[in-house]
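Please read them with the model open.

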Number of protein chains: 2
Amino acid sequence: MYRESNGRSVAKALSWRLLGTLATSVLVWVFTGRVGIALTVGALEFFAKIALFWLHERIWDRVKLGRRESRPAVVWFTGLSGSGKTTISRWVYDELKRRDVRVEYLDGDSIRDLFPNTGFSKEERDQHVRRVGYLASKLEQNGVFVIASFISPYADSRQFVRGLCKSFIEVHVSTPLQECERRDVKGLYRKARLGEISNFTGISDPYEAPECPELRLDTRFLTVDEAGGKVIERLRSYF
Amino acid sequence: MYRESNGRSVAKALSWRLLGTLATSVLVWVFTGRVGIALTVGALEFFAKIALFWLHERIWDRVKLGRRESRPAVVWFTGLSGSGKTTISRWVYDELKRRDVRVEYLDGDSIRDLFPNTGFSKEERDQHVRRVGYLASKLEQNGVFVIASFISPYADSRQFVRGLCKSFIEVHVSTPLQECERRDVKGLYRKARLGEISNFTGISDPYEAPECPELRLDTRFLTVDEAGGKVIERLRSYF
């Protein structure tokens with residue numbers, strides 16, 4: 001998102017008026033200083049100042065003063081499969097888009113689709129999260145908000161990503177295992193219990209919950225709107 | 001980089017003059033329509049219009065019309081080790097920075113430093129290039145120029161990256177093997193010949209030269225300034 005600052009606009013208003021009035025005075029003086037001609041001058045001014053205003057705008061377009069971009073952040077959703085990460089993070093992404101914020105959405109499924117060879121061993125998960133974190137940090141450095149939704153079960157790799165980013169906002173979607181398993185939206189827990197999926201976080205693989213996340217959301221007690229609203233509230237200082 | 005379009009500025013000039021003249025007319029009419037009072041009105045106008053101009057700017061700040069960002073591109077340098085990729089790509093990066101373009105620099109060495117486990121087998125190189133390409137495409141999607149410098153020896157993976165990007169500009173730094181080996185800036189060719197480094201592109205690993213790159217630069221016949229200048233020339237339509 002690009003916005004001009006208040007100070008920039010005040011400066012433009014002052015500079016424009018000085019220029020405009022100076023132009024009028026010179027014109028009136030050239031036309032022998034009589035007040036009666038002021039109306040003629042007004043008509044001339046009408047067109048002359050349109051040209052001047054335009055020139056003035058083009059000159060200001062080269063001036064950086066007061067140009068700013070909103071400071072971005074990386075909002076990292078971590079939690080078990082089925083905890084509600086995707087739903088909440090999508091909600092937040094849509095809300096930022098609606099507010100005209102420059103924002104990118106990254107999630108585990110879509111990136112794994114592109115790189116199908118990425119496995120689920122500790123090392124592969126770790127590398128995967130670090131790489132995505134690097135991508136997120138590069139986007140952040142270039143003024144883009146990032147909404148990232150990854151199980152990211154290991155505290156170490158989340159810590160690594162935090163280190164790469166300027167503003168890292170960790171959102172722990174803390175819906176407990178039994179609730180996620182009860183919902184079992186994608187039927188994955190059942191398969192994991194039957195042993196059809198290995199390395200399944202929460203069943204056959206550990207989940208290291210963040211100790212001090214910026215935000216913790218338990219979807220047993222929050223609707224999507226409430227959870228998303230809390231994230232937006234937390235981001236208020238950024239736009 | 002953020003710039004306002006010419007059309008936007010013309011529209012602002014027209015709207016401002018209409019507003020300003022309307023305000024003057026109303027003021028003159030309120031003060032009993034006599035021309036002599038025009039000078040008093042001028043003084044009043046001087047201050048009133050500063051406030052109006054400011055308000056006018058604040059309103060325009062909410063309007064998207066004519067706001068634009070420069071269209072970015074991914075400039076991908078490929079070539080043998082020691083061919084001059086880094087020197088030229090750095091030159092181009094610095095030049096874009098100097099021109100206030102939002103730009104990110106990505107190269108093999110710095111990314112491998114961060115992910116030391118990335119190997120040099122065909123599959124690992126391939127995955128590495130694809131991942132970096134994904135990063136580059138995400139930056140491009142968000143309005144950031146990308147200068148990428150990677151040996152990227154396999155045509156397949158470069159083609160994959162081309163497919164991800166909107167504007168992919170492949171720059172083949174085509175300095176031939178014997179010249180790269182003669183220079184041997186980092187002493188890597190000597191080590192590769194001695195067998196101390198395996199999977200070394202050009203010696204013990206293939207390099208698939210691009211058939212139709214957007215640009216081909218042979219540093220035997222070009223200085224850095226000339227080579228960099230050619231790239232900037234190729235990018236002229238982008239900013």
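1. Start with Asp100(A). Asp100(A) sits in the loop between α3 (85-98) and β4 (103-107) of chain A. Its phi is near 70°, a positive value in a residue other than glycine. Asp100(A) counts as partly exposed, because it has 14 C-beta neighbours inside 10 Å. The cut-offs: buried needs 20 or more other C-beta atoms within 10 Å of a residue's own, exposed means 12 or fewer, and partly exposed lies in between, with C-beta atoms placed from the backbone.

2. A word on the source. This is a predicted model, in which local features need pLDDT of at least 70 and side-chain atom pairs count only at pLDDT 80 or more, while totals for chains, interfaces and linings use all residues. Residues are numbered from 1 along each chain as its sequence is written, and chains are lettered from A and ligands numbered from 1 in the order in which they are written.

3. Asn199(A) also has a positive phi, about 50°, although it is not a glycine. Its place is the loop between α8 (188-193) and β7 (215-217) of chain A. With 15 C-beta neighbours inside 10 Å, Asn199(A) is partly exposed.

4. Now chain A as a whole. It has nine helices and seven strands; helices (H or I, at least four residues) and strands (E, at least two) are DSSP runs, numbered from the N terminus. Of its 239 residues, 36% are buried. Take the contacts in chain A between residues at least 6 apart in sequence: 79% join residues at least 24 apart. A contact means C-beta atoms, placed from the backbone, within 7 Å.

5. How do the two α5 helices pack? Helix α5 (residues 122-141) of chain A and helix α5 (residues 122-141) of chain B pack at about 25°, with axes 10 Å apart. (Axes are lines fitted to C-alpha atoms, for helices over the stretch in contact; angles run from 0 to 180 degrees between N-to-C directions.) That makes α5(A) roughly parallel to α5(B). Angles under 35 degrees count as roughly parallel, over 145 as roughly antiparallel, 65 to 115 as roughly perpendicular and the rest as oblique. The contact uses Arg131(A), Leu135(A), Lys138(A) and Leu139(A) of α5(A), with Arg131(B), Leu135(B), Lys138(B) and Leu139(B) of α5(B).

6. Turn to helix α9 (residues 224-234) of chain B. Ala227(B), Gly228(B) and Val231(B) are buried there. They lie on the same side of α9(B), because they cover an arc of only 95° around the axis; the arc is that of the directions from the helix axis to the C-beta atoms. Asp225(B), Glu226(B) and Glu233(B), on the other side of α9(B), are exposed. The cover over the buried residues includes β3 (74-79), α3 (85-98), β6 (168-173) and β7 (215-217) of chain B.

7. One of these covering elements is α3(B). Its angle to α9(B) is about 55°, and the axes are 9 Å apart. The two helices α3(B) and α9(B) are therefore oblique to each other. Thr87(B), Ile88(B), Trp91(B), Val92(B) and Glu95(B) in α3(B) meet Val224(B), Ala227(B), Gly228(B), Val231(B) and Ile232(B) in α9(B).

8. Last, Gly84(B), in the loop between β3 and α3 of chain B. Is Gly84(B) buried or exposed? It counts as buried, with 26 C-beta neighbours inside 10 Å. Leaving out residues up to four places away in sequence, Gly84(B) touches Val173(B), Thr175(B) and Thr219(B).

Note on methods:
Contact = placed C-beta atoms within 7 Å.
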